[in-house]
Amino acid sequence: MISFVNVVKTFKRSRVLGGVSLEMAKGDRIALVGSNGAGKTTLIRCLLGEYTHDGHVLVDGLSPRANRGAVLARMGFVPQIPPPLKMPVGELIGFAAAVCKSNPKEMVRVIGELGLDFDRIRKLPFVKLSGGMKQKTLIGIALGRPSDILIMDEPAANLDPEARHIFFRLLAARQDDGVMLITSHRLDEVAALVNRVIEMDMGTVALDDRVADSVDMTSRLACVLNMSRADAAFARALSEWGFIGAGTQWTGMINGPDRLRFLGMLSRYTGIIAGLELKESEKCVA
Ligand SMILES: Nc1ncnc2c1ncn2[C@@H]1O[C@H](COP(=O)(O)OP(=O)(O)OP(=O)(O)O)[C@@H](O)[C@H]1O
């Protein structure tokens, strides 16, 4: 579906992509990882047709640069840094829906599912929203329209746990639709969402691996946790995960795709964990 053939991108004298060749097929859900400056965003900008470059980028045989309209019509895109738009949110939705010839009500529906009250924000300038509200609005625009290529830059970074769960469920509903490309600095953030990991390093592909695709994105885990002694920092961390408890016993729910991140947090407190139970408890049908 998507081919990068020996793509080289140079800014002035600096070579940022050093001959990237990749094939992405329908059904690929890809984590594009790598440290700051590795070239992830530049690769995406080439796919969006924003940059000139050497080599070829093709989407079903079409160059995104020469056929921007046709290629962008197939893409949903959530940028890492929201654009500083002064346009009211309602107008932005109307504009985005008109550009990609889709139904604004569907975008509003996704925004509502993510927990935003659209009627309260429709007249507010987009730039005045909080980081999480901006992200929910941009996710609504990207997911609330038909597209078979979904490109997301750190999409869940500013979402609260409930919105993350809903967001994962929305992604699960679309997982075989086309190509999903998610960039992240942290593999644990996106590991459960993907079936392929591409790691970039200094403008080249350092690793391209298929990964086990066994975590149900819609699952939730019930967690019961006992500590050998009460600890204020651990209690704070658990409260941030929505856990309820006091002293040494805590209970809470973890979204399936968050399990690795949760275990990462727990690993900082292994010395005082006296008991831990994690049980898959609920499956949601999207
Ligand atoms: N418009 C530009 N002009 C000059 N250099 C640029 C430009 N855009 C990116 N670069 C350089 O290209 C390199 C790769 O940047 P890029 O944004 O693609 O990395 P990244 O992997 O997305 O990083 P991050 O994880 O920090 O977002 C960096 O060294 C950056 O300074």
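Does Lys101 count as buried or exposed, and why?

Modeller: Lys101 counts as exposed, because it has 9 C-beta neighbours inside 10 Å. The cut-offs are simple: a residue is buried if 20 or more other C-beta atoms lie within 10 Å of its own, exposed if 12 or fewer, and partly exposed in between, with C-beta atoms placed from the backbone.

A word on the model itself. Residue numbers run from 1 along each chain as its sequence is written. The model is predicted: local features need a pLDDT of at least 70, side-chain atom pairs count only at pLDDT 80 or more, and totals for chains, interfaces and linings use all residues. Here pLDDT is the predictor's confidence in each residue, from 0 to 100. The protein averages 89, and 95% of the residues score at least 70. For the complex, the predictor gives an ipTM of 0.97 and a pTM of 0.76.

Back to Lys101. Its place is the loop between helix H3 (89-99) and helix H4 (104-113). Helices (H or I, at least four residues) and strands (E, at least two) are DSSP runs, numbered from the N terminus. Lys101 is not a glycine, yet its phi is positive, about 45°.

Asn6 is another residue to look at. It has a positive phi of about 45° although it is not a glycine. Asn6 sits in strand E1 (residues 2-11). It counts as partly exposed, because it has 13 C-beta neighbours inside 10 Å.

Next comes Glu23, in strand E2 (residues 14-24). Glu23 is exposed because 11 other C-beta atoms lie within 10 Å. From Glu23 to Gly61 is 38 residues in sequence and 12 Å in space, C-alpha to C-alpha.

Now the ligand. Around it are Phe11, Val16, Gly34, Asn36, Gly37, Ala38, Gly39, Lys40, Thr41, Thr42 and His185. A residue is near a molecule if its C-beta atom, placed from the backbone, lies within 6 Å of it. Three nonpolar, seven polar and one charged residues make up this shell. Ala, Val, Leu, Ile, Met, Phe, Trp, Tyr, Cys and Pro count as nonpolar; Asp, Glu, Lys and Arg count as charged; the others, Gly among them, are polar.

Which helix gives the largest share of that shell? Helix H1 (residues 40-47) does, with three residues. H1 is mostly covered, with six of its eight residues buried. Those six are Lys40, Thr42, Leu43, Ile44, Cys46 and Leu47. Gly49 follows H1 and has a positive phi, near 80°.

Turn to the interior. In soluble globular proteins, nonpolar side chains tend to be buried together. A nonpolar core is a set of buried Ala, Val, Leu, Ile, Met, Phe, Trp, Tyr and Cys residues joined through C-beta atoms within 7 Å. The largest core has 58 residues, and those with the most contacts inside it are Ile30, Leu32, Ile139, Phe167 and Ile182. Helix H6 (residues 131-143) gives the largest share of this core, six residues. A second, separate core has six residues, including Leu225, Met227, Phe234 and Ile254.

Take Ile182 from the largest core. Leaving out residues up to four places away in sequence, Ile182 touches Ile30, Ala31, Leu32, Met152, Pro155, Val190, Leu193 and Val194. Two residues are in contact if their C-beta atoms, placed from the backbone, lie within 7 Å.

Now step back to the domains. The assignment gives domain 1 (2-210) and domain 2 (219-283). Such bounds come from an automatic or database domain assignment. The two centres, taken over C-alpha atoms, are 31 Å apart. Nine residues of domain 1 are in contact with ten residues of domain 2. On the domain 1 side, helix H7 (161-173) and helix H8 (187-190) are the elements that give two or more residues. H7 gives the most, with four. By class, that side has five nonpolar, one polar and three charged residues.

Ala192 lies between H8 and strand E8 (196-201). It is buried because 22 other C-beta atoms lie within 10 Å. Thr270 sits in the loop between helix H10 (259-266) and strand E13 (273-283). Thr270 counts as exposed, because it has 8 C-beta neighbours inside 10 Å. Met227 is 43 residues from Thr270 in sequence but 9.3 Å away in space, C-alpha to C-alpha.
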